[in-house]
Amino acid sequence: CRFPAVAINTSDVRSQDANVSHIGFNPGGWFNQLSTGTRRHFGKLVFGGILYQFIAPKAQAKTVPFDTQTPSSSKISALSSGDDATAVIQEGLNSAKNGVFVLSNGVYNISPPGLLVPSGLTFVGQPGAILRTVDDTPFAMINDLASSNNIILDGLVLSGPWSKKDFPKFANQKDRSIFWRKDIEGSIGIDVQGVWRVRHIAGRRNDLLQTPAPSKKITIKNCTISGFGESGLLIDNVTFFNCISNTILRCGRDGVRMYGVQNGVVRKNTVKDIIFGYTGIPPHYNTYGITATRVYGNRLFPDPSCRIGRISKNIIIERNLVSGVHSWKSLDTHGGQDITFKSNICLNSHIGIGVDKGGFNPLSGFAPPRNIIIEGNTIRYDPELKGFEARAGITCFAHDNNPLNLGSDILVVDNDVYGYGTSRRDGAITISNIRNAKILRNRINNSLRSAICIYGYCDNIAIEGNVIKTIRKSQFNISYGIIFQTSLASGIVCNNVIIQ
(Lines give C-alpha, C1' and ligand atoms only; values in the text may rest on other atoms or scores of the structure.)
Protein backbone atom coordinates (compact mmCIF):
# COMPACT_ATOMS: atom_id res chain seq x y z
CA CYS A 1 0.00 0.00 0.00
CA ARG A 2 1.10 3.54 -0.61
CA PHE A 3 0.19 6.29 1.83
CA PRO A 4 0.55 9.79 0.37
CA ALA A 5 0.05 12.74 2.64
CA VAL A 6 -3.63 13.64 3.06
CA ALA A 7 -4.77 16.76 4.89
CA ILE A 8 -7.73 15.98 7.17
CA ASN A 9 -9.62 18.40 9.38
CA THR A 10 -11.19 16.04 11.90
CA SER A 11 -12.69 18.89 13.93
CA ASP A 12 -15.32 19.43 11.26
CA VAL A 13 -16.83 15.97 10.99
CA ARG A 14 -20.45 16.99 11.48
CA SER A 15 -23.63 17.98 9.72
CA GLN A 16 -24.45 21.65 9.37
CA ASP A 17 -27.90 23.04 8.73
CA ALA A 18 -28.08 26.34 6.91
CA ASN A 19 -30.44 28.54 4.92
CA VAL A 20 -33.63 26.77 6.00
CA SER A 21 -36.60 27.56 3.78
CA HIS A 22 -40.18 26.34 4.15
CA ILE A 23 -41.43 24.33 1.19
CA GLY A 24 -44.67 22.64 2.26
CA PHE A 25 -47.15 21.38 4.81
CA ASN A 26 -49.01 18.15 5.43
CA PRO A 27 -51.27 17.04 8.28
CA GLY A 28 -48.27 15.53 10.05
CA GLY A 29 -46.12 18.67 10.15
CA TRP A 30 -43.80 20.78 8.08
CA PHE A 31 -41.12 19.69 5.66
CA ASN A 32 -38.22 22.15 5.63
CA GLN A 33 -35.64 22.21 2.85
CA LEU A 34 -32.00 22.59 3.76
CA SER A 35 -29.97 24.24 1.03
CA THR A 36 -28.03 22.06 -1.38
CA GLY A 37 -24.61 20.96 -0.15
CA THR A 38 -24.96 21.92 3.51
CA ARG A 39 -23.34 18.77 4.92
CA ARG A 40 -19.60 18.89 5.40
CA HIS A 41 -17.09 16.08 5.19
CA PHE A 42 -13.73 17.00 6.73
CA GLY A 43 -14.45 20.68 6.14
CA LYS A 44 -15.16 20.12 2.43
CA LEU A 45 -18.60 20.14 0.81
CA VAL A 46 -19.07 16.74 -0.77
CA PHE A 47 -22.79 15.97 -0.78
CA GLY A 48 -25.07 17.20 -3.51
CA GLY A 49 -28.82 16.86 -3.59
CA ILE A 50 -31.40 18.38 -1.29
CA LEU A 51 -31.79 17.56 2.39
CA TYR A 52 -35.10 17.76 4.21
CA GLN A 53 -36.02 18.11 7.86
CA PHE A 54 -39.37 17.04 9.30
CA ILE A 55 -40.88 19.11 12.12
CA ALA A 56 -43.69 17.31 13.93
CA PRO A 57 -46.95 19.09 14.79
CA LYS A 58 -47.64 20.18 18.34
CA ALA A 59 -50.70 17.99 18.93
CA GLN A 60 -52.63 15.06 17.50
CA ALA A 61 -56.29 14.03 17.64
CA LYS A 62 -56.02 11.11 20.05
CA THR A 63 -58.49 12.61 22.53
CA VAL A 64 -61.23 13.24 19.96
CA PRO A 65 -64.22 10.96 20.74
CA PHE A 66 -64.63 8.27 18.11
CA ASP A 67 -68.38 8.85 17.65
CA THR A 68 -67.82 12.42 16.47
CA GLN A 69 -65.55 11.32 13.64
CA THR A 70 -67.61 8.88 11.58
CA PRO A 71 -71.21 7.73 11.19
CA SER A 72 -70.05 4.08 11.36
CA SER A 73 -69.28 4.31 15.10
CA SER A 74 -72.58 2.72 16.08
CA LYS A 75 -71.85 -0.24 13.80
CA ILE A 76 -68.42 -0.72 15.40
CA SER A 77 -69.81 -0.53 18.92
CA ALA A 78 -72.34 -3.21 17.97
CA LEU A 79 -69.65 -5.71 16.94
CA SER A 80 -69.27 -8.84 19.03
CA SER A 81 -65.81 -10.02 20.05
CA GLY A 82 -65.55 -12.60 17.26
CA ASP A 83 -67.00 -10.46 14.47
CA ASP A 84 -65.03 -9.40 11.42
CA ALA A 85 -64.58 -5.64 11.71
CA THR A 86 -62.90 -5.06 8.33
CA ALA A 87 -65.86 -3.75 6.35
CA VAL A 88 -67.18 -1.53 9.16
CA ILE A 89 -63.80 0.09 9.85
CA GLN A 90 -63.26 0.56 6.12
CA GLU A 91 -66.57 2.41 5.97
CA GLY A 92 -65.32 4.66 8.73
CA LEU A 93 -62.03 5.34 6.95
CA ASN A 94 -63.87 6.23 3.75
CA SER A 95 -66.30 8.62 5.47
CA ALA A 96 -64.13 10.19 8.18
CA LYS A 97 -64.95 13.82 8.94
CA ASN A 98 -62.23 16.46 8.74
CA GLY A 99 -59.74 13.90 7.47
CA VAL A 100 -59.33 12.20 10.89
CA PHE A 101 -60.47 8.70 11.90
CA VAL A 102 -59.98 7.73 15.55
CA LEU A 103 -60.34 4.07 16.54
CA SER A 104 -61.49 3.66 20.14
CA ASN A 105 -60.50 1.01 22.69
CA GLY A 106 -61.27 -2.55 21.60
CA VAL A 107 -59.94 -5.62 19.78
CA TYR A 108 -60.90 -5.70 16.10
CA ASN A 109 -60.61 -8.73 13.81
CA ILE A 110 -59.28 -7.88 10.35
CA SER A 111 -59.45 -10.22 7.35
CA PRO A 112 -58.12 -10.08 3.76
CA PRO A 113 -57.69 -7.84 1.87
CA GLY A 114 -57.12 -5.66 4.95
CA LEU A 115 -57.83 -1.95 5.38
CA LEU A 116 -57.22 0.66 2.71
CA VAL A 117 -56.31 4.13 3.98
CA PRO A 118 -57.25 6.87 1.51
CA SER A 119 -55.08 9.90 0.77
CA GLY A 120 -55.43 12.87 3.06
CA LEU A 121 -56.40 10.82 6.13
CA THR A 122 -55.04 10.66 9.67
CA PHE A 123 -55.80 7.24 11.20
CA VAL A 124 -55.36 7.29 15.00
CA GLY A 125 -55.59 4.38 17.42
CA GLN A 126 -56.56 5.25 20.98
CA PRO A 127 -54.90 3.29 23.83
CA GLY A 128 -56.30 -0.23 23.92
CA ALA A 129 -57.35 -0.33 20.26
CA ILE A 130 -55.90 -3.48 18.65
CA LEU A 131 -56.21 -4.71 15.08
CA ARG A 132 -55.54 -8.44 14.77
CA THR A 133 -55.60 -11.20 12.17
CA VAL A 134 -57.75 -14.25 12.89
CA ASP A 135 -55.83 -16.92 10.95
CA ASP A 136 -52.51 -17.51 9.15
CA THR A 137 -53.59 -16.19 5.75
CA PRO A 138 -50.83 -13.83 4.52
CA PHE A 139 -52.12 -10.35 3.68
CA ALA A 140 -51.29 -6.72 4.43
CA MET A 141 -53.39 -5.47 7.34
CA ILE A 142 -53.16 -1.77 6.40
CA ASN A 143 -52.62 -0.66 2.82
CA ASP A 144 -51.86 2.66 1.17
CA LEU A 145 -52.23 2.46 -2.57
CA ALA A 146 -49.42 3.52 -4.91
CA SER A 147 -49.28 7.30 -5.42
CA SER A 148 -51.06 8.04 -2.12
CA ASN A 149 -50.47 11.39 -0.42
CA ASN A 150 -50.69 13.01 3.00
CA ILE A 151 -51.37 9.98 5.20
CA ILE A 152 -50.64 9.72 8.93
CA LEU A 153 -50.91 6.48 10.92
CA ASP A 154 -50.57 7.20 14.64
CA GLY A 155 -50.79 4.95 17.69
CA LEU A 156 -52.10 1.83 15.95
CA VAL A 157 -51.51 -1.64 17.39
CA LEU A 158 -51.34 -4.44 14.78
CA SER A 159 -51.12 -8.10 15.74
CA GLY A 160 -50.22 -10.59 13.00
CA PRO A 161 -50.42 -14.37 12.76
CA TRP A 162 -46.93 -14.95 14.22
CA SER A 163 -47.33 -12.72 17.28
CA LYS A 164 -47.56 -15.60 19.73
CA LYS A 165 -46.19 -18.61 17.91
CA ASP A 166 -42.81 -19.59 16.51
CA PHE A 167 -41.83 -19.70 12.87
CA PRO A 168 -41.15 -23.29 11.73
CA LYS A 169 -37.70 -24.66 10.98
CA PHE A 170 -36.89 -26.56 7.79
CA ALA A 171 -34.32 -29.20 6.96
CA ASN A 172 -33.84 -28.04 3.37
CA GLN A 173 -34.03 -24.85 1.35
CA LYS A 174 -36.67 -26.15 -1.07
CA ASP A 175 -39.29 -26.74 1.63
CA ARG A 176 -38.40 -23.44 3.21
CA SER A 177 -38.94 -21.57 -0.08
CA ILE A 178 -42.29 -23.28 -0.63
CA PHE A 179 -43.39 -22.24 2.84
CA TRP A 180 -42.26 -18.65 2.17
CA ARG A 181 -44.32 -18.38 -1.00
CA LYS A 182 -47.39 -20.05 0.49
CA ASP A 183 -47.50 -18.85 4.10
CA ILE A 184 -45.17 -15.86 4.50
CA GLU A 185 -44.99 -13.65 1.42
CA GLY A 186 -47.50 -10.82 1.60
CA SER A 187 -47.95 -11.01 5.40
CA ILE A 188 -47.27 -7.32 6.13
CA GLY A 189 -48.31 -4.99 8.91
CA ILE A 190 -48.42 -1.74 6.89
CA ASP A 191 -47.85 -1.84 3.14
CA VAL A 192 -47.37 1.44 1.26
CA GLN A 193 -47.66 -0.04 -2.19
CA GLY A 194 -45.44 0.79 -5.14
CA VAL A 195 -43.16 -0.83 -7.68
CA TRP A 196 -42.77 -4.17 -5.90
CA ARG A 197 -46.49 -4.90 -5.77
CA VAL A 198 -47.14 -3.76 -9.34
CA ARG A 199 -44.23 -5.74 -10.74
CA HIS A 200 -43.96 -8.87 -8.63
CA ILE A 201 -47.44 -9.34 -7.22
CA ALA A 202 -49.36 -8.17 -10.30
CA GLY A 203 -46.65 -9.69 -12.54
CA ARG A 204 -46.35 -6.87 -15.07
CA ARG A 205 -43.15 -6.79 -17.12
CA ASN A 206 -41.06 -3.63 -17.11
CA ASP A 207 -41.63 -3.01 -20.79
CA LEU A 208 -45.38 -2.92 -20.10
CA LEU A 209 -45.14 -1.17 -16.75
CA GLN A 210 -46.32 2.36 -16.24
CA THR A 211 -44.19 3.25 -13.24
CA PRO A 212 -46.49 4.52 -10.49
CA ALA A 213 -45.88 8.06 -9.34
CA PRO A 214 -44.26 8.12 -5.88
CA SER A 215 -46.46 8.37 -2.85
CA LYS A 216 -45.76 11.57 -0.90
CA LYS A 217 -45.79 12.66 2.72
CA ILE A 218 -46.43 9.41 4.56
CA THR A 219 -45.97 9.38 8.35
CA ILE A 220 -46.12 6.31 10.61
CA LYS A 221 -45.56 6.95 14.31
CA ASN A 222 -46.21 5.53 17.76
CA CYS A 223 -47.44 2.23 16.31
CA THR A 224 -46.81 -1.29 17.66
CA ILE A 225 -46.60 -4.00 15.00
CA SER A 226 -45.92 -7.66 15.74
CA GLY A 227 -46.05 -11.08 14.17
CA PHE A 228 -46.13 -10.46 10.41
CA GLY A 229 -44.36 -13.03 8.27
CA GLU A 230 -42.77 -10.76 5.68
CA SER A 231 -42.43 -7.19 6.99
CA GLY A 232 -43.66 -4.99 9.78
CA LEU A 233 -43.51 -1.98 7.45
CA LEU A 234 -42.99 -2.20 3.69
CA ILE A 235 -42.61 1.32 2.29
CA ASP A 236 -42.27 1.43 -1.49
CA ASN A 237 -41.55 4.40 -3.77
CA VAL A 238 -42.30 7.20 -1.31
CA THR A 239 -41.02 10.77 -1.27
CA PHE A 240 -41.08 12.35 2.22
CA PHE A 241 -41.45 9.44 4.63
CA ASN A 242 -41.36 9.66 8.41
CA CYS A 243 -41.15 6.63 10.69
CA ILE A 244 -41.04 7.80 14.29
CA SER A 245 -41.21 5.97 17.63
CA ASN A 246 -42.69 2.68 16.44
CA THR A 247 -42.17 -0.76 18.01
CA ILE A 248 -41.85 -3.74 15.64
CA LEU A 249 -41.55 -7.27 17.03
CA ARG A 250 -41.33 -10.90 15.86
CA CYS A 251 -41.61 -10.36 12.11
CA GLY A 252 -40.21 -12.75 9.53
CA ARG A 253 -37.92 -10.81 7.20
CA ASP A 254 -37.92 -7.06 7.98
CA GLY A 255 -38.82 -4.61 10.64
CA VAL A 256 -38.82 -1.65 8.22
CA ARG A 257 -38.14 -2.20 4.50
CA MET A 258 -37.87 0.89 2.29
CA TYR A 259 -37.81 0.49 -1.49
CA GLY A 260 -36.88 3.67 -3.34
CA VAL A 261 -37.71 6.00 -0.45
CA GLN A 262 -36.33 9.49 -0.91
CA ASN A 263 -36.22 12.23 1.73
CA GLY A 264 -37.04 10.29 4.89
CA VAL A 265 -36.52 10.16 8.64
CA VAL A 266 -36.48 6.86 10.57
CA ARG A 267 -36.04 7.81 14.21
CA LYS A 268 -36.44 6.34 17.70
CA ASN A 269 -37.95 3.03 16.61
CA THR A 270 -37.50 -0.28 18.43
CA VAL A 271 -37.12 -3.40 16.27
CA LYS A 272 -36.67 -6.80 17.92
CA ASP A 273 -36.54 -10.45 16.88
CA ILE A 274 -36.67 -10.51 13.10
CA ILE A 275 -36.57 -14.25 12.76
CA PHE A 276 -37.45 -16.25 9.66
CA GLY A 277 -35.65 -14.54 6.78
CA TYR A 278 -35.99 -14.81 3.03
CA THR A 279 -33.12 -16.24 0.98
CA GLY A 280 -29.49 -16.88 1.75
CA ILE A 281 -27.05 -19.60 2.68
CA PRO A 282 -28.04 -21.34 5.93
CA PRO A 283 -27.99 -20.18 8.63
CA HIS A 284 -27.70 -16.65 7.20
CA TYR A 285 -31.16 -16.08 5.79
CA ASN A 286 -31.57 -12.43 4.92
CA THR A 287 -33.26 -10.58 7.75
CA TYR A 288 -33.15 -6.82 8.27
CA GLY A 289 -34.07 -4.59 11.17
CA ILE A 290 -34.25 -1.46 9.00
CA THR A 291 -33.19 -1.39 5.35
CA ALA A 292 -33.15 1.32 2.67
CA THR A 293 -32.86 -0.51 -0.63
CA ARG A 294 -34.40 -0.64 -4.11
CA VAL A 295 -36.36 -3.11 -6.22
CA TYR A 296 -33.69 -4.84 -8.28
CA GLY A 297 -34.14 -5.65 -11.91
CA ASN A 298 -33.62 -9.23 -13.05
CA ARG A 299 -33.84 -11.44 -16.13
CA LEU A 300 -37.61 -11.12 -16.38
CA PHE A 301 -37.66 -7.47 -15.29
CA PRO A 302 -34.44 -5.78 -16.52
CA ASP A 303 -33.80 -2.30 -15.11
CA PRO A 304 -30.34 -1.14 -16.26
CA SER A 305 -30.88 2.55 -15.46
CA CYS A 306 -32.70 2.03 -12.14
CA ARG A 307 -35.74 3.69 -13.71
CA ILE A 308 -38.28 1.27 -12.29
CA GLY A 309 -36.60 0.46 -9.00
CA ARG A 310 -35.23 3.85 -8.02
CA ILE A 311 -32.55 4.17 -5.35
CA SER A 312 -33.22 5.17 -1.76
CA LYS A 313 -31.80 8.62 -1.09
CA ASN A 314 -31.58 11.38 1.52
CA ILE A 315 -32.61 9.32 4.55
CA ILE A 316 -31.66 9.83 8.20
CA ILE A 317 -31.75 6.64 10.28
CA GLU A 318 -31.05 7.63 13.86
CA ARG A 319 -31.59 6.72 17.51
CA ASN A 320 -33.16 3.36 16.76
CA LEU A 321 -32.74 0.21 18.87
CA VAL A 322 -32.42 -3.01 16.86
CA SER A 323 -31.80 -6.36 18.52
CA GLY A 324 -32.23 -10.04 17.76
CA VAL A 325 -31.68 -9.88 13.98
CA HIS A 326 -29.33 -12.82 14.36
CA SER A 327 -29.06 -14.14 10.82
CA TRP A 328 -28.21 -10.93 8.94
CA LYS A 329 -28.23 -7.12 9.43
CA SER A 330 -29.60 -4.71 12.02
CA LEU A 331 -29.35 -1.68 9.70
CA ASP A 332 -28.71 -1.67 5.98
CA THR A 333 -28.69 0.16 2.70
CA HIS A 334 -28.30 -1.39 -0.74
CA GLY A 335 -27.27 1.23 -3.26
CA GLY A 336 -28.38 4.13 -1.09
CA GLN A 337 -27.11 7.67 -1.54
CA ASP A 338 -26.93 10.39 1.13
CA ILE A 339 -27.88 7.96 3.92
CA THR A 340 -27.01 8.73 7.55
CA PHE A 341 -26.90 6.09 10.30
CA LYS A 342 -26.48 7.98 13.55
CA SER A 343 -26.67 7.15 17.26
CA ASN A 344 -28.34 3.78 16.78
CA ILE A 345 -27.93 0.75 19.05
CA CYS A 346 -27.48 -2.59 17.24
CA LEU A 347 -27.32 -5.74 19.34
CA ASN A 348 -26.48 -9.33 18.40
CA SER A 349 -26.87 -9.28 14.64
CA HIS A 350 -24.67 -11.09 12.13
CA ILE A 351 -23.74 -7.66 10.70
CA GLY A 352 -24.51 -4.50 12.66
CA ILE A 353 -24.64 -1.89 9.88
CA GLY A 354 -24.26 -2.99 6.27
CA VAL A 355 -23.65 -0.65 3.32
CA ASP A 356 -23.84 -2.61 0.10
CA LYS A 357 -24.33 -2.44 -3.65
CA GLY A 358 -27.88 -2.02 -4.93
CA GLY A 359 -27.36 -3.78 -8.25
CA PHE A 360 -24.33 -4.96 -10.18
CA ASN A 361 -25.13 -5.73 -13.81
CA PRO A 362 -27.27 -4.40 -16.68
CA LEU A 363 -30.21 -6.56 -15.62
CA SER A 364 -30.34 -5.53 -11.97
CA GLY A 365 -29.13 -1.95 -12.55
CA PHE A 366 -25.92 -0.33 -11.29
CA ALA A 367 -26.34 1.34 -7.89
CA PRO A 368 -23.17 1.63 -5.80
CA PRO A 369 -23.49 3.21 -2.34
CA ARG A 370 -22.42 6.85 -2.18
CA ASN A 371 -22.29 9.61 0.41
CA ILE A 372 -22.92 7.53 3.54
CA ILE A 373 -22.38 8.61 7.15
CA ILE A 374 -22.12 6.03 9.95
CA GLU A 375 -21.69 8.06 13.12
CA GLY A 376 -21.93 7.49 16.85
CA ASN A 377 -23.55 4.04 16.76
CA THR A 378 -23.20 1.32 19.40
CA ILE A 379 -22.80 -2.13 17.80
CA ARG A 380 -22.29 -5.05 20.14
CA TYR A 381 -22.33 -8.83 19.99
CA ASP A 382 -22.65 -10.94 23.13
CA PRO A 383 -19.84 -13.52 23.14
CA GLU A 384 -22.03 -15.85 25.19
CA LEU A 385 -24.72 -16.02 22.50
CA LYS A 386 -24.89 -19.58 21.18
CA GLY A 387 -26.04 -20.85 17.80
CA PHE A 388 -25.29 -17.69 15.83
CA GLU A 389 -22.20 -15.98 14.41
CA ALA A 390 -20.87 -12.44 14.48
CA ARG A 391 -19.41 -11.36 11.15
CA ALA A 392 -18.68 -7.60 11.02
CA GLY A 393 -19.96 -4.69 13.04
CA ILE A 394 -19.79 -2.38 10.00
CA THR A 395 -19.39 -3.39 6.35
CA CYS A 396 -19.11 -1.02 3.39
CA PHE A 397 -18.97 -2.90 0.08
CA ALA A 398 -19.35 -2.13 -3.58
CA HIS A 399 -19.40 -4.78 -6.27
CA ASP A 400 -16.01 -4.39 -7.97
CA ASN A 401 -13.37 -1.86 -8.99
CA ASN A 402 -15.05 -0.79 -12.22
CA PRO A 403 -15.34 3.01 -11.89
CA LEU A 404 -19.10 2.74 -12.51
CA ASN A 405 -19.47 0.32 -9.62
CA LEU A 406 -17.22 1.85 -6.98
CA GLY A 407 -18.83 3.19 -3.83
CA SER A 408 -17.61 6.58 -2.66
CA ASP A 409 -17.52 9.09 0.20
CA ILE A 410 -18.12 6.84 3.20
CA LEU A 411 -17.58 8.26 6.69
CA VAL A 412 -17.33 5.86 9.66
CA VAL A 413 -16.78 7.95 12.79
CA ASP A 414 -17.14 7.73 16.58
CA ASN A 415 -18.74 4.28 16.65
CA ASP A 416 -18.41 1.73 19.47
CA VAL A 417 -17.98 -1.80 18.04
CA TYR A 418 -17.63 -4.84 20.29
CA GLY A 419 -17.27 -8.56 19.61
CA TYR A 420 -17.11 -8.70 15.78
CA GLY A 421 -14.80 -10.17 13.14
CA THR A 422 -14.31 -13.53 11.44
CA SER A 423 -11.44 -16.00 11.21
CA ARG A 424 -10.93 -15.72 7.46
CA ARG A 425 -11.49 -12.16 6.25
CA ASP A 426 -13.93 -9.62 7.69
CA GLY A 427 -12.83 -7.47 10.59
CA ALA A 428 -15.02 -5.57 13.02
CA ILE A 429 -15.04 -2.81 10.39
CA THR A 430 -14.56 -3.91 6.77
CA ILE A 431 -14.28 -1.74 3.65
CA SER A 432 -14.06 -2.97 0.04
CA ASN A 433 -14.20 -1.22 -3.36
CA ILE A 434 -14.82 2.23 -1.91
CA ARG A 435 -13.26 5.53 -2.91
CA ASN A 436 -12.78 8.23 -0.23
CA ALA A 437 -13.55 6.18 2.88
CA LYS A 438 -12.75 7.76 6.26
CA ILE A 439 -12.56 5.60 9.41
CA LEU A 440 -12.09 7.97 12.33
CA ARG A 441 -12.13 7.84 16.12
CA ASN A 442 -13.94 4.52 16.47
CA ARG A 443 -13.62 2.36 19.59
CA ILE A 444 -13.19 -1.29 18.60
CA ASN A 445 -12.94 -3.99 21.24
CA ASN A 446 -12.77 -7.79 21.48
CA SER A 447 -12.52 -8.37 17.73
CA LEU A 448 -11.76 -11.70 16.09
CA ARG A 449 -8.70 -11.73 13.80
CA SER A 450 -8.79 -8.01 12.90
CA ALA A 451 -10.37 -4.76 14.01
CA ILE A 452 -10.20 -3.00 10.61
CA CYS A 453 -9.90 -4.90 7.34
CA ILE A 454 -9.48 -3.30 3.89
CA TYR A 455 -9.67 -5.29 0.67
CA GLY A 456 -10.53 -4.80 -2.99
CA TYR A 457 -9.91 -1.37 -4.51
CA CYS A 458 -9.84 1.44 -1.93
CA ASP A 459 -8.52 4.80 -3.10
CA ASN A 460 -7.83 7.74 -0.77
CA ILE A 461 -8.71 5.96 2.45
CA ALA A 462 -8.01 7.55 5.86
CA ILE A 463 -7.79 5.51 9.09
CA GLU A 464 -7.10 7.88 11.96
CA GLY A 465 -7.59 8.23 15.70
CA ASN A 466 -9.17 4.81 16.32
CA VAL A 467 -8.70 2.98 19.63
CA ILE A 468 -8.41 -0.79 19.21
CA LYS A 469 -8.30 -3.20 22.15
CA THR A 470 -8.02 -6.98 22.41
CA ILE A 471 -7.91 -8.71 19.05
CA ARG A 472 -8.63 -12.42 19.50
CA LYS A 473 -6.55 -14.83 17.42
CA SER A 474 -8.22 -16.58 14.53
CA GLN A 475 -8.37 -20.33 14.01
CA PHE A 476 -5.07 -19.89 12.16
CA ASN A 477 -3.47 -18.31 15.26
CA ILE A 478 -3.11 -14.81 13.79
CA SER A 479 -4.50 -11.39 14.63
CA TYR A 480 -4.18 -7.84 13.25
CA GLY A 481 -5.15 -4.42 14.47
CA ILE A 482 -5.45 -2.99 10.94
CA ILE A 483 -4.90 -5.08 7.82
CA PHE A 484 -4.84 -4.23 4.12
CA GLN A 485 -5.60 -7.47 2.24
CA THR A 486 -5.04 -5.80 -1.10
CA SER A 487 -2.42 -4.12 -3.22
CA LEU A 488 -5.05 -1.75 -4.64
CA ALA A 489 -5.28 0.70 -1.76
CA SER A 490 -3.91 4.17 -1.15
CA GLY A 491 -4.35 6.56 1.74
CA ILE A 492 -3.17 7.35 5.24
CA VAL A 493 -3.07 5.44 8.55
CA CYS A 494 -2.08 7.55 11.54
CA ASN A 495 -2.64 8.29 15.23
CA ASN A 496 -4.39 5.01 16.01
CA VAL A 497 -3.95 3.25 19.37
CA ILE A 498 -3.77 -0.55 19.41
CA ILE A 499 -3.72 -2.34 22.77
CA GLN A 500 -3.38 -6.09 22.82
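Helices (H or I, at least four residues) and strands (E, at least two) are DSSP runs, numbered from the N terminus. The model is predicted, so local features need pLDDT of at least 70 and side-chain atom pairs count only at pLDDT 80 or more, while totals for chains, interfaces and linings use all residues. Residues are numbered from 1 along each chain as its sequence is written, and side-chain values use heavy atoms, with hydrogens and water left out.

**Ser215**
- Ser215 lies in strand E16, which spans residues 215–221, and is buried at a relative accessible area of 1% (buried means under 20%, exposed over 50%, partly exposed in between, with a 1.4 Å probe and protein chains only).
- Setting aside residues up to four places away in sequence, Ser215 touches residues including Leu145, Ser148, Val192 and Asn237, where contact means heavy atoms within 4.5 Å.
- Ser119 is 96 residues from Ser215 in sequence, yet their C-alpha atoms are 9.5 Å apart.

**Cysteines**
- The whole structure contains 0 disulfides, a disulfide being a pair of cysteine sulfur atoms within 2.5 Å.
- Cys453 has its nearest cysteine sulfur, that of Cys458, 9.4 Å away.
- Cys453 is buried at 0% relative accessible area, whereas Cys494 is partly exposed at 22%.
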